[in-house]
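Welcome, and please load the model in your viewer. We will go stop by stop, with something to select at each one.

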Amino acid sequence: MGLVRRIRERGRVAQPATPRPEPLPAAAGLAGSVQVRHVDAGSCNGCEIEVGQAFGPVYDAERHGVRLVASPRHADVLTVTGPVTVNMAGPLRTTYEAMPRPRMVVAVGDCARDCGMFAGGPGVLGPVGDVVPVDVLVPGCPPEPAAIVAALRGVSGR
Amino acid sequence: MPVNDQLLSLACGLFLLCAVGVLWRRELTALIGLLTLQGAALAGIAVLLALDDPHPEALAVAVAVGVLKAGVLPWLLRRILARVPAARETAPLVNVAASLLAAAAMTLLAYAAARPLVDLAPAATARAAPVGLAVVLIGFFLAATRRRAVSQIVGLLLVDNGIAAVAFLATGGVPLVVELGVSADLLLAVLVLQVLTTRLQAAFGDTDLDDLRELRDR
Amino acid sequence: MNPVPTGLAAAGVLAATGAAVALVLPARWRSAAVGVATAGVGAAGAAAGVAAVSGHGWRAEYPDVLPLAGVSLAVDPLAGWFLLLTGAVAVVVGVYAIGYAGRGGHGPGARGPLALLPVFVAAMLLVPAAADVPTFLLAWELTAVTSLLLVLVEHRHGPAVLPAGLWYAVMTQAGFVTILIGLVWLAAAAGDPSFAAIQDAAGGLSGPVRGGVFVLCVAGFAAKAGAVPLHPWLPRAHAEAPAHVSALMSAAMVKLGVYGIVRLGFDLLGGGPRWWWLALGAVGMLSALYGILQAAVATDLKKLLAFSTSENVGLILLGLAAAGLLASAGQPAVAAVALAAALLHAANHAGFKALLFCGAGSVLRGTGVRDLDRLGGLSRRMPATTALVCVGALGAAALPLGNGFVSEWLLLQALLHQATDAGTLWTVVAPVAVAVVALTAGVGVATFVKVVGTGFLARPRGEEAAAARESPPSMVAGMVLAAAACCALAVLPALAGPALDRVTAGLRAGPRPFEGGAVDLRLAGVGSTIAPLWIAAGVVGLAVATAVMARLAGRPRRRAAAWDCGDGPLTARMEYTATSFAEPLQRVFDDVLAPEQDVDVTPAAESAYLVRSVQYRRRLPDRIEARLYRPLIAAVEVAGRAARGLATGSVHRYLAYMLAALILVLFAAAVR
């Protein structure tokens, strides 16, 4: 009974939804159901925290048809954070190859775009675009959860 | 015939009395003498039964029994005794008074247990059968409570005498073949025991059976 | 010409020739000749059994064979059912033993063990055919002695064989003594040792006599059948015996215990008060649950199969108890169904357990290990064995296309039937029994998925498994025969319908349970039908249709490697082992199983906080054995040590013991 009372007291936590962004034409085949597999290719985890918030109760990406899955075999979209390190290049490539088509890649953060502050560091291979073809980019260091949700809504169209 | 019945009762009574006497006396020579007397009594029982229904075989059995039990076996025992210096039973495990009481109790038990046997053929002979059973028990008791090897042999011979007495009294006689077989076994047993006694004497110095303690588990 | 005596006589002659041939032939031909002879004994016995369940009866007396008692034989449909079962298992084992015993002439291929094998089978065929108490006891003891010698065959291979033989010897002899006392008491009360006379006189015996005989005999028969709590010999003996002997013992010999209970409870004593069947049902339920739990957490393949035998015996006993309870509650139609379920499950279990034990023997031959944790990946190198073991596991798991499913379905039909006028006892007991059967079936599925998945699929977890060799063709042929029998029973159970009808009619247990139906099994009194043939056809058709349509849909396909989390190939160390597969189940039943865990941490030399190695050991003891048998054995040891004090070495004391005994006997004789 304490749980029901607490739910009644707290009320709704999620932020009201913003107007729908433009859907991506390449994502039309997914018909609004987007399964996302996340790969950390060498980030500092700042973008991971924001992605976690994006799927949390406040920003709630799942109400727009976007869902995290555990295996690339079940995924439609691959989200990648961080500059691609030498050790993670192979696994990232393997993960992309393991996804069934149609598949898309969303690069999250400045490091995914152009290695950000880690450019030229030892062990850094290059931006995500060097390893897998990128369809959507979410800039920011780190990007806000709202921006991440907006990018994913563009893929799901909802 | 009444004379035969009285003589039979006399022989049986003498038979039992010899057994009790064996429990009483402590000198080994006395034991052998009593055994001889008992053998003669047994032969007397056999002769009286043979006279009752004349059978050449029965008389032959009586003679054989007499010769063996009153002659051969006591002679063998005296030869054993000659090689063994101590002629007296030392401190038996149960003292004489208690032994005699035990003999009385065992005689009563023999009479109680042999009642069905007696009821089968209620003639004078069958009525006397429990005497044999009592002598068996007394012989066993002797073997269990006396220390000397010679006493053990006397106990064994008492047991055999008792069994023979029951056989004669309850069934009216044994076939010659059976008696010869049993006698041969007994003779062999006594000869072997003679050798063992000599060995015992040589090994331990005297023939106290309590010196033999190897047959145990620990 | 009556096929029954010809079959039995042929079996006897073949057994004698087999034994003689084993002692005479050189090692090269020995196992082949004895295997063929054993298969012949089994075939002759099975033919006699088929004739008996088709209605040919037979009885004969041979008064001169045994001194004082003579030998008296009689075969009725019940005996025929068990003859058929035993004979069929013997055929499988005979063919299998040709390859298993090998050409080396040592171990199971030596003269003695090979000579004993057909004799063992012949003794097992004699037990159902016995028609009076002395013959029965003679055949029983012959079975026990020959099987004990066969269990001890590989005593040079390891230290566990001799204790296993000791446990088996003591428990089987103790069981024999209780059966002896019970049957002799019954024969004395009835006045005649023949079963026919006992059957006539049993109605007039008093309640305590019948109850006492039932308890004594069922205790002995349950010990032979391996029911908990009389089971400790089963996992030991079956694990250490050679595989073909384990197959014979588990599939055929434990059924003789079941035969004894059916013969005594239903035929000789003609049913009894409810507490008999309640006690039997309690034993059955305990056996089923405990057996399958121990099997679920066992990692030794043969020990697992032995505990599974315990579980199946529990289900059979539960069926018998249900039949007895229903009969005494006035529901003869449903009672007949329950009895038929128990007997059919005995046959099904014989089929799949023989197959599974032969498979375990193949694995042991091919790899040298029987620990499931070290196996794995055998499907690539031993494909025939894997496929055949899958058929057996399907039957053992009682899933719809296996043969165990049909008999468990029958049992549930009898238990679930809405018997409105069966009394409160039945309405209370039946749901409990259904729950037990359901739980057992569930855990059973998990167990056999474990066996097949961790033992045969995935990759090899050790070098022995990686170097596995497929078995020789004769072993595979034996297993194929068993698999064929399992499939026949699974898909066409109606083949056994008429036979079971005659058996229940012969036991006067109720009206015929099955009616008509060549392809489907129709239950007469209960009003249900099952047609596994159509289910199988449907499943196969669906699978074929799906495959064809997927091919026809023509989507582009590409080959891809198995997903391995991206970083490097999967190794065998990453697989589920049998222990880890069963761990969730073990945690759920922690209170029942009470595992003992040991963690050994070895720190590095420099600091106690740096760990060099951690060793984890987990032991699952058999709690019933620890609670019930260890105190008993300890008490016997104490008594034995105390009794040594009786032998002090004094000749006088020994003579005094004899005198005392004599006086006691005379006293007793005088007093009476």
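What percentage of the 158 residues of chain A count as buried? Select chain A and colour by burial: 38% of its 158 residues are buried, where buried means that 20 or more other C-beta atoms, placed from the backbone, lie within 10 Å of the residue's own.

Before moving on, a note on what you see. This is a predicted model, in which local features need pLDDT of at least 70 and side-chain atom pairs count only at pLDDT 80 or more, while totals for chains, interfaces and linings use all residues. Residues are numbered from 1 along each chain as its sequence is written, and chains are lettered from A and ligands numbered from 1 in the order in which they are written.

You will find five helices and seven strands, taken as DSSP runs (H or I, at least four residues, for helices; E, at least two, for strands) and numbered from the N terminus. Followed along the sequence, they run α-β-α-β-β-β-α-β-α-β-β-α.

Next, show the C-alpha trace of chain A, which spans about 55 × 35 × 30 Å along its principal axes.

For the last stop, select chains B and C. Their contact takes 18 residues from chain B and 16 residues from chain C, with residues in contact when their C-beta atoms, placed from the backbone, lie within 7 Å. On the chain B side, highlight α4 (96-113) and α7 (129-145), each of which supplies at least two residues. The largest share, five residues, comes from α7(B).

Conventions: A residue is buried if 20 or more other C-beta atoms lie within 10 Å of its own, exposed if 12 or fewer, and partly exposed in between; C-beta atoms are placed from the backbone. Two residues are in contact if their C-beta atoms, placed from the backbone, lie within 7 Å.
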